[in-house]
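Here are my notes on the model you sent.

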Amino acid sequence: MTTARTKKIASFLALLLAAGGGAACAASGKSPPATTRGVHPDVGASADTCSACHADATPEVARAWRNGRHGLELVECFVCHGSTGADFRLQPELGSCAGCHPSEVRSVTRAAGGIQDCFSCHPAHALRPVKNSSPHGKTEGGRP
Amino acid sequence: MTVSRRDFLKTTAAASALAALGSPGRALASPAGPMTWTKSVCRYCGTGCGLYVGVQDGKVKAVQGDRDNHNAGFLCLKGFLLPQIMAAPDRHLHPLVRTNGKLVRASWDEAMGLVASRFKEAIEKHGPDAVGFYGSGQGLTEETYVANKLFKAGLRTNNVDGNPRLCMASATAGYVSTYGKDEPMGCYEDIDHADVFLIVGSNTAEAHPILFRRIVQRKEKGKGVKVIVLDPRRTPTSRIADLHISFTPGTDLAILNAMANVLLGDGLADEAFVKGHVAFGEGAEANKAFEDYKRFLAEYTPAHAAQVAGCNPEDIVKAARWFGEKGRAAMSMWTMGLNQRTKGVWANNLVHNLHLLTGKIGLPGSTPLSLTGQPNACGGVRDGGALSHLLPYGRLVANEKHREEMEKLWGVAKGTLAPKPGLSAMDLFRGMEEGKLKCLYVMCTNPGQSLPNVDRYRKAMASESSFLVVAEAYHPTRTSELADVVLPAALWAEKEGVYGCTERRYQLLAKAVEPPAEARTDFEILCELARRLGHEKLIPFQKPEEAWAEILTLSKGTPYDFSGMTRERLRDSHGLLWPLPAHGHPGTKRRYVRGEDPLVPAAHPQRVLFYGRPDKRAVIWLRPHKPPEEVPDAAYPMYFTTGRVMEHWHTGTMTRNCRELRQANSEAVAEMHPADAARLGVKSGDLVRISSRRGHEKFQVRLAEGGRPGLVFVHMHDDQRMCNRITIDAVDPVSRQPEFKICAIKVEKA
């Protein structure tokens, strides 16, 4: 491995550690600094897809996604997680879910003591529907 | 910092471990402050998904699916990321004119003055057929209408064509030859009633993901729903297949005939339906009988077809029996796998044959539905008659009565419209090559990347002997880089107009934001060109809705009749399906069906009436299997095919501007079966040189377990590694659509 390549990976790992610190900080209730939003390296233009790398890197996650509804219908990782690098969101925001599921998101965020996280009911990546316990009520149409 | 895939894999384990420490649980990403929402339609494929455009501070910031439209609020990942296409760094903002070999900034007056003078000069010196227009299934209906009217009735040339010729011309010719009229008779709602899906030559999961979603839902909810996929490659669509038949490219005609053979042999034909509604034909004449068809099919035993196609005969039998089972609704869907072929019209006919033979047509869930690739190929170009052989709403250039009708409607003198069809897509560019076509106006499309055998036609476009005008939202593209004038065009939410999608659904896209800098709508640009060319009386429009009012009058009394589809109704609705001949009419889900189609008399004694042909019958055509134009040989021993992937669209000018999409599948790679890679001594990531008799390109290898041995697939979206350097420019003799899907290649380690 060349020296330059070693330096590149070393600096990348340093970024990951900083990002991880940010994540831990956010989990403890403090706002992460803006520079530590990303915990995913910027992969640039690519001939691959997210799932091609993650089949090796995070096989359980990739398998859960692939076998779930989002995987079957090719709703790929970035729809929920955003882009890589600084735009990456480790925890998908409800705004992402609302792009396709606005009524469901509204129904849970408007409710008293509303659920703030879709994934407390729908397991992350597999995102299976939950039977007989929907808080969403009747689907709403109309202008956002 | 950017890292390679290898670096990524080495370090992701660390990232994952850190991620497991806890979830940040950040706040919603919604921009602060109020957002205004404007009803619109997705800019990409022909599914026509309804959505709302979210605007804040005069910029498009978000989109949200329209729950009240057919897509039930769902968008695919490309639609979801549409806001990013608007403020892209390569948005074209100012007119450019080529001066001393370079494109330099000019005023609108200078640019339009040059365009008008060059078109006038060419017409004066060489006649009206020295100029042409090459449009797009992505232009708005009103834009395409202005161009079609200006060129055909104003400049008096039928050299008006567009990229739908590359996309769906064979589907059009298939419907017209079988039923006498273009466009599908069924609708998306049929998906919810189908018991059997025959998906042939379509990677629906990637090319039409929201329709694929609806098929998935039907398969989950319906009882014993079967999905049959005919495709040489095993694509993501096959994940829901109960039966996937892989076959040698170009041999599906034999398979489809063999399915008909089984339907007859197993007593699954609906003899009463055939007797009441079907004629038989060969060549161009409906001059055969049922007995002739039976004799014709005798050759196509499952065993024979399987031998031709390189598949299992049992699978053909199974597919036919599933399709033909009595009492079960059968729906077929297809797209470029059938259309982009030199036998494309015949392949379309053979799918229709299966429906007509079994009577599985015009019933909920039983219909042949051609899927469309672009958002307004149907509404704007195909229905609007903006192809070189057509006039609006089913009228033909070569038909004197139709020309007279249009001359009257357009208020021009009898004899104004030229009787000879103009140059179709490939012939326009061959005309440039030959020096016969002096000036070409290209709107909203990218032939410098999308034509087959593209280098041949890039030379013609770049030639100093031709004058190329490109109206585009982005620059440079692989076409605008060759142009003499590049006009900055407004994009999608920056303008208002109508789109018409696969299922005859017309929808209004409202304007949500202003165009950037000096960009103008194509409608404004074309109206300005008309004025400069002295045709302001023919093209008097100030606003698109004025053109729409005129368009409604042209549809009246035709099989398309949507004269009740006023602007107000379109604004209030979430899509309307024609025919819709009166203001209060709800629209038509299923054509040719009594009780649904207003053109079928309520008292008609039978459930369907194929009114498109003089004998009121649809035609089962006797179409033999014929090989593609080019098959592998000793010099070029493998098959080459091209198509779409999920993350990108057409030539990538929009999708490459979305950060997430640029990171996924943006580089075209050569997907091949592992056995081929082993034989060639290459592995995933190696560079190979792919050559055909026309050209060559280098690609990285990707091993595809679902590939077919002997076949290489490359996607069409990469502007740097262009698959069309390799593809063949042979066309179907009827539809004039090129055979993008099949040619012969050799592959060498680079």
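In which sense do strand S11 and S12(B) pair, and over how many bridges?

1. The model is predicted. In it, strand S11 of chain B covers residues 278–282. S11(B) and S12(B) pair in the antiparallel sense, over 2 bridges. Glu282(B) stands opposite Glu285(B), which belongs to S12(B).

2. These strands sit in an open sheet of 3 strands in chain B. The order is S12-S11-S23, and the pairing is mixed. Strand S12 (285–288) and strand S23 (618–621) of chain B are the edge strands. Each of them pairs on one side only. From one strand to the next, the twist averages 60 degrees.

3. A helix covers this sheet's strands. Helix H10 of chain B, residues 290–298, lies across S11, S12 and S23 of chain B. H10(B) runs at about 55 degrees to S11(B).

4. Now chain B overall. Its secondary structure comes to 24 helices and 29 strands. The C-alpha trace spans about 70 × 70 × 55 Å along its principal axes. Chain B has a radius of gyration of 25 Å; this agrees with a compact globule, because one of 750 residues would have a value near 27 Å. Buried residues make up 62% of chain B. Of its contacts with a separation of 6 or more, 71% join residues 24 or more positions apart.

5. Chain A has 7 helices and 0 strands. From the N terminus on, its elements run α-α-α-α-α-α-α. Of its 144 residues, 34% count as buried. Residues 24 or more positions apart account for 52% of the chain A contacts with a separation of 6 or more.

Key:
Residues are numbered from 1 along each chain as its sequence is written. Chains are lettered from A and ligands numbered from 1 in the order in which they are written. This is a predicted model: local features need pLDDT of at least 70, side-chain atom pairs count only at pLDDT 80 or more; totals for chains, interfaces and linings use all residues. Helices (H or I, at least four residues) and strands (E, at least two) are DSSP runs, numbered from the N terminus. The radius of gyration is taken over C-alpha atoms; the globule rule is 2.2 Å times the number of residues to the power 0.38. A residue is buried if 20 or more other C-beta atoms lie within 10 Å of its own, exposed if 12 or fewer, and partly exposed in between; C-beta atoms are placed from the backbone. Two residues are in contact if their C-beta atoms, placed from the backbone, lie within 7 Å. Two strands pair if DSSP finds at least two bridges between them. Axes are lines fitted to C-alpha atoms, for helices over the stretch in contact, and angles run from 0 to 180 degrees between N-to-C directions.
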